[in-house]
Amino acid sequence: MTSENLLSRITVETGKCGGRPCIRGLRIRVQDVLGMLAEGMETKEILEDYPYLEAADIRAVLMYAAR
């Protein structure tokens, strides 16, 4: 998956989550996933807790944060 494809998973919508970046229009914010990763959660654990997320979403969050 290219960088552009990954970053297209991050959306910002006025009126949703205070206009903060979210994953694929869902109500899970980039900062929420970053916080989970910072606390030591592994990708597998996050995907188990949030089954509607995909591994590419986690990679997109990291790429978004790095930029």
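Modeller: A term to begin with: a residue is buried under 20% relative accessible area, exposed over 50%, and partly exposed in between. The model here is a predicted one.

Biologist: OK. How does D32 count, then?

Modeller: D32 has 24% relative accessibility, so it counts as partly exposed.

Biologist: And which residue forms a salt bridge with D32?

Modeller: R29 does, and the closest N and O atoms of the pair are 2.8 Å apart. R29 is at 22% relative accessibility, so it is partly exposed as well.

Biologist: How many salt bridges does the structure hold?

Modeller: There are five of them. One of them is the bridge between R9 and D57, whose closest N and O atoms lie 2.5 Å apart.

Biologist: Where do R9 and D57 sit in the chain?

Modeller: R9 is in the loop between α1 (3-7) and β1 (10-11), while D57 is in helix α4. The two are 48 residues apart, and the pair links distant parts of the chain.

Biologist: Which residues does helix α4 cover?

Modeller: Helix α4 takes in residues 55-66, with D57 among them.

Biologist: Are R9 and D57 buried or exposed?

Modeller: Both are buried. R9 has a relative accessible area of 13%, so it falls in the buried class. For D57 the value is 0%.

Biologist: Why does D57 count as buried?

Modeller: Its relative accessible area is 0%, and buried means under 20%.

Biologist: Which other residue forms a salt bridge with D57?

Modeller: R24 does, with the closest N and O atoms 2.9 Å apart. This pair also links distant parts of the chain: R24 is in the loop between β2 (22-23) and α2, and D57 is 33 residues away in helix α4.

Biologist: What else is R9 in contact with, leaving aside neighbours within four places in sequence?

Modeller: The list is M1, C22, I23, R24, E54, A56, D57 and A60.

Biologist: One more on R29 and D32. What was the distance there?

Modeller: The closest N and O atoms of that salt bridge are 2.8 Å apart. Elsewhere, salt bridges that share partners join R9, R24, E54 and D57 into one network.

Biologist: New topic. Where is M41?

Modeller: M41 is in the loop between α2 (30-38) and α3 (43-49).

Biologist: How accessible is M41?

Modeller: Its relative accessible area is 23%, so M41 is partly exposed.

Biologist: And which residues is M41 in contact with, neighbours within four places in sequence aside?

Modeller: They are M36, I46 and D49.

How values were computed:
Residues numbered from 1 in each chain as written. Predicted model: local features only at pLDDT ≥ 70, side-chain atom pairs only at ≥ 80, totals over all residues. Heavy atoms only, no water. Helix = DSSP H or I, 4+ residues; strand = E, 2+ residues; numbered from the N terminus. Buried < 20%, exposed > 50% of the residue type's maximum accessible area, 1.4 Å probe, protein only. Contact = heavy atoms within 4.5 Å. Salt bridge = Lys/Arg side-chain N within 4 Å of Asp/Glu carboxyl O.
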